[in-house]
Amino acid sequence: MNSMNDQALALNQLHARLSNCRLCLAAGYEIFPRAIFSGGSSARIMTIGQAPGITEKDAGRPFNAGSGSRLFIWLAEADIEEDWFRATQYMSSVTKCYPGRLNSGSGDRVPSRKEQEMCRPYLDDEITIINPALIIPIGRLAINLFYAKGLALNQIIGTEKQVAGRWIVPLPHPSGASRWHQDEANRALIRKANNLIKDHKQRIFLQTKTPAIMNQD
């Protein structure tokens, strides 16, 4: 981007495309627009989740309910405060619209591979425009964008890598239905990941205290 204004304009245009997208509906998938994302072009840290849940759809923000509460409890260990992060950084997901419930009604449907493929250009554009210094993929679908699919979570959580000059530090999905993060050995890996995130945050902002909340673009 040639300037911050160009960057903000490009992101606003992308957000308009996201809000008007109906590709999955046209392909026969029962999804529930609107696209859910938050943040502006000045963000330096970006989270990528799996897909919005029903409360995210209703509230219009990523990681809104119990999963969000748990996520920000984890991130507090990385010196990341929720209000600051939501106001100044960027939150997105592999697919942007709520995919609906499983036929059994026992949980939310995982977006199909085709849905992920159709939504992927939007995510690529978000990453290109924002150009975050740190990406935190949350949950298996997001982690698989950056790590080999055959690896177990306990081989991934607590590690970091660079992809195209950006640091990647994964976290597990903070769903209350997940048993993975309830195991103490795995919680230790989450703490290790949060220490890595904290180090990157301090490096990115060149200070140890949380920056003041700024207006979004």
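Residues are numbered from 1 along each chain as its sequence is written. In this predicted model, local features need pLDDT of at least 70, side-chain atom pairs count only at pLDDT 80 or more, totals for chains, interfaces and linings use all residues, and side-chain values use heavy atoms, with hydrogens and water left out.

**Exercise 1.** Classify the ring pair of Phe32 and Tyr98, and state which parts of the protein the pair ties together.

Solution. 
1. Rings of Phe, Tyr and Trp (its six-membered ring) pair if their centres lie within 6.5 Å; planes under 30 degrees apart count as stacked, over 60 as edge-to-face and the rest as tilted.
2. The search of the whole structure gives four aromatic pairs.
3. For Phe32 and Tyr98 the centres are 5.7 Å apart and the planes at 35 degrees, so this pair is tilted.
4. Phe32 belongs to the loop between helix H2 (23–26) and strand E1 (45–49), and Tyr98 to the loop between strand E2 (90–93) and helix H6 (113–130), so the pair ties together parts 66 residues apart in sequence. Helices (H or I, at least four residues) and strands (E, at least two) are DSSP runs, numbered from the N terminus.

**Exercise 2.** Find the ring cluster and the lysines whose charged ends sit over rings.

Solution. 
1. Phe72, Trp84, Phe85 and Phe205 are linked into a cluster by ring pairs.
2. A charge sits over a ring if NZ of Lys or CZ of Arg is within 6 Å of the ring centre and within 35 degrees of the ring normal.
3. Lys201 has its charged end over the ring of Trp84, 5.1 Å from the centre.
4. Lys161 has its charged end over the ring of Tyr147, 4.6 Å from the centre.
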